[in-house]
Each structure stands twice: as structure tokens, then as C-alpha cells.
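Student: I would like to take a close look at one part of this protein. Could you walk me through it step by step?

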Amino acid sequence: MLWKQLEFRYPENIIFMLIPFLLLLILILGYRKKEKILAALHLKTGRGSGFLVIFLLTLASVLLAISAMGPQIFTGYQEVQKEGLDIYILLDTSKSMLVEDMPPSRLQWMKNIVDRLISRLEGDRVGFIPFSSDAYIQMPLTDDYDLARMFLSVVDTEMIPGGGTNIGAAMNLAAASFQRSAEGDKVILIISDGEEHERASLELLDRLDLSDIRIYAIGVGTEKGGLVPVLNAQGMKTGYKKDQQGEYVISRLEPGILKELAGRGRGAYLQATMTGRETETLLQELSGLKRAQYESDKIRVFKPLYQYFLGTGLLIFVLAYLLLERGTVDEE
């Protein structure tokens with residue numbers, strides 16, 4: 001039966017169903033007050049027409065409330081072919097990412113870049129690989145961007161113990177995790193301040209199959225740099241990092257390795273800016289890459305019905321108004 005296939009696109013708008021009940025209460029109270037006044041003046045009105053107007057106004061408001069809920073009827077399934085890029089984002093979680101030369105910190109700026117990026121993607125799959133002294137897949141490739149934001153929100157500098165920055169481990173893990181059966185380009189996006197990257201990362205590229213992998217890098221930080229905060233167990237800043245001589249450690253953006261990695265990976269190096277221009281440039285770069293058809297999906301198709309409830313409700317409102325205008329008051 002048709003009513004069994006009826007669904008509402010905006011069920012949360014059921015709150016509007018309170019309006020007809022409130023309207024009915026107001027109309028009844030108003031009608032009774034009007035009758036008392038007319039009775040005191042020895043006048044009378046057509047009782048039947050008054051109740052009819054109340055009924056029509058209430059019915060019209062019910063229909064409009066149903067229209068606001070977006071009624072629709074299920075008509076079947078439609079197969080949609082998904083296509084896109086596979087993008088592994090390598091997130092630098094070393095302690096130097098706590099530096100505040102790009103406020104509030106390089107780490108938060110990195111998260112902002114990723115959030116802006118995934119908000120503009122359509123169908124591309126993304127995965128996260130945090131790295132510092134080691135690397136691991138925090139989130140496999142997915143096109144569920146809400147899930148990606150959830151994983152992104154918990155990225156911090158405590159995810160991987162130890163010091164150093166082993167970008168080579170992260171790149172090797174990303175290259176090995178791509179689905180080689182896909183025909184489109186694969187993308188490795190490195191977001192880092194470039195500090196302490198080992199030259200062995202470049203040697204690693206010679207052993208990787210990069211025939212269908214593009215490497216892009218975004219440098220986060222400034223050449224002037226800043227002090228490296230030290231956090232306690234509660235994540236509160238207790239001071240700044242010092243070297244063995246007791247001097248404060250200054251961390252600076254070092255784009256050298258990042259530029260070489262991007263160059264060998266037939267990609268591009270971009271530097272994070274306060275305006276977010278690097279995200280726009282990256283999206284333009286990605287738009288020219290070959291996308292693969294990686295799966296088909298069946299989506300439910302609906303026919304909207306709100307217009308029928310809306311139109312009928314408005315017509316009934318007009319009818320009620322005309323009946324109200326024709327109401328007469330007679331002397332007893």
C-alpha cells in the first residue's frame with residue numbers, strides 16, 4: 001500500500017504539529033468569548049459557520065505542518081557509480097607541531113587544512129596516517145567524511161611515543177595500503193613542518209612503485225619559528241623545551257625534504273598560509289588527476305509530495321477566510 005511507502009525527509013519538523021493544536025485552542029477560546037460578547041449585546045451569529053471555519057483553519061494548519069516535514073514516497077532504487085581518488089594524508093604528530101608560530105599551533109593549523117580539504121571533496125576516499133618516530137594507519141580509506149572528521153578531532157602529539165620524525169615509515173605504509181586494482185591516481189599528502197626528516201626518506205622513494213602515486217606536501221610553520229611547548233599529563237603547557245645546554249629549542253619550518261619528496265612524486269609543495277590559499281591550490285591540482293570508478297552503490301529514490309499538502313492547505317485557508325467574511329451578525 002502507498003501509505004506504507006510514505007516517509008518524511010525532515011521528521012524533526014514534527015514540532016510544527018503543535019501549531020494546529022495551539023491554533024485550535026485559541027480559536028475555540030476566541031469563539032466562546034465572542035459568543036458571550038454578542039449575547040450581552042443581544043446579537044447572534046451562525047453557530048454552524050463558526051465551527052466550520054475553526055475546523056477548516058485547523059485542517060489547513062495540519063496540512064502545512066505535514067508539508068514542512070517533507071513527505072515523500074519511495075519509488076525504487078537507482079544504481080550510482082562512485083568515482084574518485086584515493087588519498088592518504090600523512091599527519092605529522094611530532095612535538096614540534098605544538099609550536100605556536102601559526103596560532104593556535106601548527107597541529108591545529110594542520111587539522112584546519114585537512115578539515116577544509118575534506119569539506120570540498122566529492123567522492124574521493126581519504127585515510128589518515130599519523131607519524132613521528134613511527135607511523136600507523138589511524139583511519140583506512142573511506143568516503144565517509146563525517147567519520148573522517150571524528151578521527152581528525154582526536155589527532156594529537158601523544159598518539160605515537162618517542163621522538164624524531166620518520167616520514168619514510170609513513171610513506172611506505174601509505175604506498176603499501178593503496179588498492180592496486182584501482183585504475184585511478186593515488187595521492188600521498190604530507191602535512192608537516194619538515195623538521196628532523198631523514199634523508200633516507202628520499203632513498204625510500206627509489207624502492208617504491210610510484211607509477212600511479214602522486215606526492216603532495218604542505219609545510220606548516222614559519223621560517224622564524226618558535227619555542228616548543230612542554231605539556232603535562234593534562235595537556236596543560238608547563239614550559240618550553242630546552243636542549244642539553246639548557247637553551248630553549250627553536251623549531252623552524254624546514255621545507256627542503258618536503259619539496260624534494262613532492263618533486264620526485266610528480267606533485268607539488270605548498271606552504272600553509274593564513275588565508276588558506278594552499279587548500280585551493282591543492283584542490284586545483286587534484287582536479288586534474290585521473291579518478292577511478294571504485295564501487296557502485298544503490299540509492300533509494302523518492303518522489304516529493306510536500307507540494308500537494310502545501311497547496312491544499314493554502315486553498316483551505318482561502319476558503320476559511322471567505323466563509324469568515326460572509327459571516328453575518330443578526331439582532332435577536
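Predicted model: local features only at pLDDT ≥ 70, side-chain atom pairs only at ≥ 80, totals over all residues.

Student: Which side chain does R300 meet in a salt bridge?

Tutor: The partner you are looking for is E7: the side chains of R300 and E7 form a salt bridge, with 2.7 Å from N to O. In general, side chains of opposite charge can pair when their charged atoms come close. Here the two partners come from distant parts of the chain, since R300 belongs to strand 14 and E7 to strand 1, 293 residues apart. How covered are they? R300 has a relative accessibility of 40%, so it counts as partly exposed. E7 is partly exposed too, because its relative accessible area is 27%, which falls between the 20% and 50% cut-offs.

R300 has another neighbour to look at. It lies over the face of F74, at 4.8 Å from the ring centre. So let us turn to F74. This residue is buried, because its relative accessible area is 17% and the limit for buried is under 20%. The structure holds 3 aromatic pairs. F74 and F302 form an edge-to-face pair, with 5.7 Å between the centres and 65 degrees between the planes. This pair also links distant parts of the chain: F74 sits in strand 3 (residues 71-84) and F302 in strand 14 (residues 292-304), 228 residues apart. While F74 is buried, F302 has a relative accessible area of 24% and is therefore partly exposed.

For comparison, let us visit some other salt bridges. The count for the structure comes to 12. One of them joins the side chains of K237 and E100, at 3.2 Å from N to O. K237 is in strand 11 (residues 237-240), and E100 is in the loop between strand 4 (86-92) and helix 3 (106-118), so this pair ties together parts that are 137 residues apart in sequence. Both ends are partly exposed: K237 has 42% relative accessibility, and E100 has a relative accessible area of 38%.

Another salt bridge is found within a single helix. The side chains of R149 and D146 meet at 3.9 Å, N to O. These two residues lie in helix 4 (residues 145-153), 3 residues apart, about one turn of the helix. R149 is partly exposed at 29% relative accessibility, whereas D146 reaches 60% and counts as exposed. Elsewhere, salt bridges that share partners join D101, R106 and D193 into one network.

Helices can also be read by which residues are hidden. In helix 7 (residues 256-264), I257, L258, L261 and A262 are buried. They cover an arc of only 130 degrees around the axis, which means that they sit on the same side of helix 7. Just after this helix, R266 takes a positive phi of about 55 degrees.

F16 is placed in the loop between strand 1 (6-8) and helix 1 (18-40), and its relative accessibility of 36% makes it partly exposed.

Methods: Residues numbered from 1 in each chain as written. Heavy atoms only, no water. Helix = DSSP H or I, 4+ residues; strand = E, 2+ residues; numbered from the N terminus. Buried < 20%, exposed > 50% of the residue type's maximum accessible area, 1.4 Å probe, protein only. Arc of directions from axis to C-beta. Phe/Tyr/Trp six-rings, centres within 6.5 Å; stacked < 30°, edge-to-face > 60°. Lys NZ or Arg CZ within 6 Å of the ring centre and 35° of its normal. Salt bridge = Lys/Arg side-chain N within 4 Å of Asp/Glu carboxyl O.
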